Amino acid sequence: MSERRTRLWLALRFKDLPLSALNAPSSPDKSVVVVERRRVVSMTANAAASGVRIGMDLTTAQLLSDCQVVTRDPACEQETLHRLCEQLYQFTPHIEPYRSRETAQSGLLLELSSCLKLFSGVKKLCEAILALLKTTGYEVAYGLAHSSTGAWLLSFDNHEIRGDETTALFIIRLNKLPIQVLADYPNEVDALGKMGFSTLGDLARQISANSVGSFTKRLGKDFAEVICGIYGIDQGFTQASLFVKPVESYAPEEYFHEEVQFDYPINIVDQIKSTIENLLHRLSDYLRKRQLACQHIQWRISDIHHRQEYIQVHSDTPQSDWRLLYDLTVIQLENKAIPFDIDCLELICHSAMPLQGSSQALDFSGGRKRRGSAQELSVTMAKLKARVGETAVHKVSYRDSPLPELSNLMIGLAEKSFQQLPAIHRNGLRPAWLFANPQIIENRQQGLYWHGYLTLMVGPERMVGNWWDEKVARDYFLARRRDNLAVWAYLDLYKRQWYVHGVFA
Amino acid sequence: MRYAHLHTTTNFTFLAGASHPGEYVRRACELGYEALAITDECSLAGVVKAFVVAEELQFKLIIGSAFRLSNGMHLIAIAPSRIAYAELSGFITLARRRAPKGEYEAHLEDLRFRLRHCLIIIEAKVGEKIAEAVIDELHKSFKSRLWIGINHQLRGGEQFDFERWLALSVEKGIPLVACGEALMHAKERKPLQDIVTAIRHNLPIQEMGTRIEVNGEAYLKSHGQLTLLYPQALLDETCIIADRCHFSMHELRYQYPQELVPATLSPIAHLRNLVAAGKLLRWPGGVPAAAAETLEMELQLIEELGYEYYFLTVHDIVRYAREKNILCQGRGSAANSVVCYCLFVTEIAPDQISVLFERFISRERDEPPDIDVDFEHQRREEVIQYIYEKYGRERAAIAATVITYRRRSAVRDVGKALGLEPSLLDHLAKTIAWWDQPSELENTVAAIGLQVQQVLLQHFLKLCNEILGFPRHLSQHTGGFVISQDRISDLVPLENASMPDRTIIQWDKEDLEAMRLLKVDVLALGMLSALRRALEMIQRYEPAIKSLADIPREDPATYEMLCQADSVGVFQVESRAQMAMLPRLQPRCFYDLVVQIAIVRPGPILGDMVHPYLRRRAGLEEITYPTDEVEAVLKLTFGVPIFQEQVMRMSMVAAGFSGGEADELRRAISNWGKNSKLLMFRDKFINGLLANGYEQEFAERTFEQVKGFGGYGFPESHSASFALLCYASSWIKRHHPAAFYCALLNSQPMGFYSPSQLVQDARQHNIKILPVDINRSCYDNSLETVIDKKGRDLLAVRLGFCQVAALNADKGRMIETRRGAKPYLSIEDLSRRTGLLANNLQILASADVLRSLGGNRHQARWRAAAIQPHSALLENTEDCHQDELLMAAPTTEQEVLSDYQALGLSLRRHPMALLRNEHPFIRCTRQSELLTKRHQGFIQVAGIVVSRQRPGTAHGTLFVTIEDETGSINVIIWSRTQEHFKNVILTAKLILVTGTVEILTENVVQPVIHVIAGRIEDYSYRLAELAAKARNFR
């Protein structure tokens, strides 16, 4: 075993990240468990007190604690780690996220050797890092070692950082760890257990006596490399420095943020239009230079009393040009009264995305027109949504249901619609206009009356079902009113009441 | 108004129909229909059940089937005559055989040539267009046998569509007929119909959309409703079709296979010849007079009823098995007859039991005799292949078993179809104990207190009960063969089984009985395999013992062993209940064994016959008989009826039943619980007794005893067959224990006990069990001679490679073959000679098989893991990388746990011995110390759960057997205690029981000890802790 060069890694393991990243709303008394593939991966303290354990199946957990169940969201965890990287960037540029393949453990690996002087030594640096993390509220376990994997493994053993740790000490600490800490290699750990190995120290002793090759031929190259990585073992390459894995540097996220301070308070929309245009021009330049596009921008307005308000602008398609964003912003501003005298206007764009190279087919027969009209529709939609609100614009889809009122559905514009009308509706008579709420038909002496007397023409078409929810039994008829209006009427067989459900064209 | 319903889908169109065939027939009869056609989709699986009810109601049943052709067209084929029925059955067989199990493939082209006599109805589907050419072709082919069936279900567009079909009818001259499909007998079944449809689509009902029926109109309607739906002419047309149907299921005459009889002889002459030859072998000194008389009576009855071929068929199968040295034994109502004894179908001599002639064959009912033949379970396939080869696949097929919904499957499938939470269903299904009543489900759901929508929950509970007994799919019967002279497909359709090259018929055992078709049960019995293996082993060192017949009869030492309840592994008397009974009943002769086997059954127990029998046998109670006739019947069992035959005899001698009536009574007893026919005999039975001068109290008590037999009474003939094997296995255990245990281990899985328990028992009998060894073991467990401390040769059992669960059988055999006489020298040598790679070598190392080559488990595993695929080019380089492992040898705990993981047993210490000195086990009493405790004293015992039994007769009591390092402890858990500790009882592997010990010493050879549980604690986690480095403990 020989050392290559001295590096110092701090592993930060966020113990309950699957739970804390979700920010699941719950009362303090309520137990919460996070599950992945129906297995518990994290839980609150009161759930643990009820007997819930990591790896337990969901049913058992529910029976033990009557808990609230939330599903693990890796994207959310990634986002949290990303935010933490941003915060820790002030201490070191060398930050790598670490996510376990087999367990729900994840965290960050920080290489500190190049930053020690700046922060007056490892102890102070680590204290500063941990102090910062304390403010985030995440429960963190840490480990310090000369290798990144070693540091990660030592995070399971909880040693205080004294500042005078040496590689030899790290190795002593690692040697004491049980092999089960190598949780990402369950088959290898099982095989090692059957050969009598119980600690990492056993592995180290075996390697010292023979060579890493003993493990390479038995457990494979990948696992042997992991062991080497943990101990920083030089595998006998002739130019070892060429094989040293470079430490990754963290690149903080870029975003656009510009502001304009006004010389005097603004309270009329027209007065800030030119400023808006100007800021959007700058955004446009920024995006174009970086080959980016964005779908979402945020305006922040504030007054001299530091009151703030945000205006969110969203486009369905990514934009790198300022025009549509300008139109959408202006529509929003015109729709609402300016709440205070504006002193400062800021434009923020967080989530820019790489510009997608779109190919254009050689189509001279109107294809371009169609694309143009699709573009127009998308612009119109964006403007419509800016004017009436995101949730107020829908499209219609068919739904496979035997009940007429359930056979269509309003869905969001982005969702895929179902275009196939179910066969029973295709074969039967269906009105051009189906009422959202069926209209009651009066049962007069002379017959059925709905704005005029009705004569039943064709029917019945019987619909009985939905017994598991709200049971339905209806006989539908085509009926004609005296003014020749054809309506779709039905008799509710449970209530014995007649209704008009639609009108034929 | 006359009307015949022509399109009925029963629940034998699996997961489509929502009513039983019988329900349809009863409803059709109530509604005054002229006839009802059962038309399941490409199936005749439900027709016999409908036929049985139709016979009962004297109602006209029409047989048909519906098809969805490959061109998308739907039609119904109806069999108006016997020949048409054969065509239809053949057509279904063709369609089913060319598709995987559960599916079919029918083409329009097949119709014309294969259905020359069937009536065809084209289903007029809404919106469906049929090409004119197809209509013309059908019309040309079927002419006046073709109709267009109008299915009016009040769906949208039907009225307009009807005009289209009417026009087509007029244009082509094809008559229209009312042909409304029924998916349920009454509209109340609509929710169940939706649910089975959802199960079929594997979707929750909420997502089914229009895949479920839009309304619940597919049921049998009244005449008034029909008149509103169809024009009169279409209704009249149904009766025209019905009137053309003259076929009745009665016409299905069964033809026995006839090639067994030489051309020059009549069947009875041939049978008599065979019996005469067998007679000489059985009684070389001449046939006893009583047996000769019975034999002649049997032969006359066989001739009179024409069952010669049946006996010849069974004889032929048994003869083949004997030629191939496959152990077999017949049992059943006719198996223990003198004829079968002479044909060597059974080994039970007529003087060994009191065979009842009326049980032989019932003249009144003219039902086929019943003979089940058990074969060695590992060689039964040879017999099956012989039958296929001899009669061909067209003439021999296996009966079906209808797999029906039971509580657990109902909960899973209905719950899933209702969209209930999978984890809830999983929990419910696991929590439902096998003993729970249907109402328990509601209590279980209530106990969980999970938030399930109340309405949905109500539906769930109702539907779970409603679907119970609904057929789910057809499976293969355990061995019921139907063999016929002509093609079987003329009688009943065949379809593919899930096993390759197996075909099953669409009828199950009950259908075959109802249709009086011959069925020979070719069954598998593990004990026969074990006995054959044991005999082979014994023969090697004691050549006089060649077969079961060479086993000395009535050996006192054998009975003495049984009286001590030393019966682990012995056939039929190894269960907890049987072992508890052995010291009480104390069998001393063969007939005692016959009684022993029959008495520990629900019938005698529920009929309260056990204790009177034991008291009378022990001389503690006076034996009285009301009359001499009753005495003659019950003398052998001290005045207590134990066997079904005795009930029949009683009904004959005391209640005046005829032989046939007595047999009917037996059938009613057998089916008690499935129907209430037994109660129909009550008055006749009691009145008969009263008329013959018996007292009312005696009559009532006797009938109660008869009722006690309901469903679970054991016939003497079966019991005698089993007793024979019981005696043989006991004798081998007593006199050749090494061969006995070795044979049992080689015949696993079978019996009550796991290999681990058998090994424990063997060691308690001082049989040395040797570990699996790469250079000594064979694939199977084998006998090995070892020398004991006194220098004597002893037989020991050497465990074989078959015990290594993870090792492929072929690889295990290869290790044995390639070894030959030259032992393996090293792991590398083993790898080179066998081609085994690191993964298999590590399996062997983990099982400690390589100890002689590679040192301890750790070292062997280390060395095995380094083995690389052998290359001839690197012939001499393999051993150059010797890197020694530094790790210490495994501890005893690790060794024991690894043994269990790899072999399922350990020859080292018992896990309880390892835990014994730890809290709380240190306070527990060992099994060997139980006898020293005070009767009914407080006690704590702990052990690994070995078995759980809850006999239906035990009034809810659960019997759990736990095992510690000194033996097995019997724990009794009353139902009240079960409620408290249900989860522990169902799931725990290691339990600690606090309770009282009961030690019964009166009138027993060996004290009977039970622990009555008061509290049960789960300590399974201690096993996991023990496995600090290993994984689960099995």
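What is the accessible surface of chain B, and what share of that surface belongs to carbon and sulfur atoms? In this predicted model, the accessible surface of chain B is about 42100 Å², with 51% belonging to carbon and sulfur atoms; accessible areas come from the Shrake-Rupley method with a 1.4 Å probe, and for residues only the protein chains shown count as cover. Local features need pLDDT of at least 70, side-chain atom pairs count only at pLDDT 80 or more, and totals for chains, interfaces and linings use all residues. Residues are numbered from 1 along each chain as its sequence is written, chains are lettered from A and ligands numbered from 1 in the order in which they are written, and side-chain values use heavy atoms, without hydrogens and water.

Chain B contains 45 helices and 22 strands, counted as DSSP runs (helices: H or I, at least four residues; strands: E, at least two) numbered from the N terminus. Its radius of gyration is 33 Å, close to the 31 Å from the globule rule for 1034 residues, so chain B is as compact as a globular protein of that length. The radius is taken over C-alpha atoms, and the rule is 2.2 Å times the number of residues to the power 0.38. The C-alpha trace of chain B spans about 100 × 80 × 65 Å along its principal axes.

In chain A, A:F215 is placed in helix α10 (residues 213-219). A:F215 counts as buried, at 1% relative accessibility; buried means under 20% relative accessible area, exposed over 50%, and partly exposed in between (1.4 Å probe, protein chains only). Beyond its neighbours within four places in sequence, the contacts of A:F215 (heavy atoms within 4.5 Å) include A:F197 and B:W862.
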